[in-house]
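Hello,

Here is the structure I promised to pass on to you. Have a look at it first, and then read on for what turned up in it.

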Amino acid sequence: QLEQKLKSTDISAEEKTKIEKEIEEIKDQEAKWLAKEKELEEQERLEPWNVDTIGHEGFSYSRVNKITEKKPPPKLSDEEDSKRMTSFFDKNEGLIQEYGKLKTLEESEAFILEHPHLASEYTANYLTIDALNMAIDHKEEEMSNIARQCIVIQYLLELAKNMNAIPTNASIIKAFFKKFRAADPQYLKLYTDEVAAFEDRLRRRAKEKRDAALAEYEAEEKVFSVSRSLDYQRVLLSPCGA
């Protein structure tokens with residue numbers, strides 16, 4: 001439209017200069033976007049997936065905005081973060097539990113692409129709690145599967161962080177699972193080692209929880225027994241008919 005307007009004979013020289021400048025700026029910006037897109041594609045093609053650098057603890061299909069840059073989230077207070085997490089749990093509990101039961105990368109990829117908002121730290125938190133509950137109940141198979149699914153989410157979040165991108169972006173999700181499936185055996189071993197270490201932490205924490213619950217129960221039983229004994233003694237020692 002600007003170029004058509006530029007061809008018009010009804011515009012002043014000043015307006016013509018202004019339009020030419022706008023066109024030049026637009027073309028310059030487009031060139032930068034295209035160069036950035038090409039750079040990201042080349043980086044994805046050549047750069048190995050460094051799983052060992054990964055920490056512990058809306059969609060965009062347009063050509064120019066292929067990978068959405070991530071803006072720093074606003075700093076939340078602990079109280080506000082807790083409220084948001086609780087709300088997230090309430091709204092997505094069923095979906096997270098369903099995701100936690102998936103067995104393959106293909107199933108996980110399809111599920112997260114269908115529900116991209118699950119690419120969240122809150123999902124990882126819920127899965128950690130769920131896996132711990134399974135460990136407490138000695139449900140090893142369920143605990144192990146949920147632990148694997150939790151680590152997958154954490155790896156996805158870390159990849160998005162390293163690329164300064166939004167984890168819910170479809171391109172990021174697809175790139176993550178593509179890299180995961182194509183990862184070298186040494187990197188996959190790091191992943192399995194990470195899962196195993198996570199499972200060990202869950203088992204230790206579960207034992208601590210069980211031991212604490214047992215100790216609390218025994219303490220309550222002891223107090224109750226002493227109380228019953230005192231009541232019985234009072235009955236025996238009280239005068240008849242009192």
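A residue is called buried when its relative accessible area is under 20%. Please keep in mind that this is a predicted model. With a relative accessible area of 10%, Tyr 126 is therefore buried. Phe 89, at 14%, is buried too.

These two residues also meet each other. Their ring centres lie 5.2 Å apart with the planes at 75°, so Phe 89 and Tyr 126 form an edge-to-face pair. The pair joins distant parts of the chain, as Phe 89 sits in helix H3 and Tyr 126 in helix H5, 37 residues apart. The total comes to seven aromatic pairs.

Another pair to look at is Phe 176 with Phe 180. Here the centres are 5.6 Å apart and the planes stand at 85°, so this pair is edge-to-face. Both residues belong to helix H7, four residues or about one turn of the helix apart, and both are buried. They are also part of a cluster in which ring pairs connect Tyr 155, Phe 176, Phe 177, Phe 180 and Tyr 191.

Now for the wider picture. The largest nonpolar core has 40 residues, and within it Tyr 99 and Phe 176 touch the most other members. Two or more residues each come from helices H3 (78-100), H4 (105-114), H5 (121-136), H6 (140-162), H7 (170-182) and H8 (185-237). H6 gives the largest share, twelve residues.

Enjoy exploring it!

Best wishes

Terms used: Residues numbered from 1 in each chain as written. Predicted model: local features only at pLDDT ≥ 70, side-chain atom pairs only at ≥ 80, totals over all residues. Heavy atoms only, no water. Core = buried A, V, L, I, M, F, W, Y, C linked by side-chain atoms within 4.5 Å. Buried < 20%, exposed > 50% of the residue type's maximum accessible area, 1.4 Å probe, protein only. Phe/Tyr/Trp six-rings, centres within 6.5 Å; stacked < 30°, edge-to-face > 60°.
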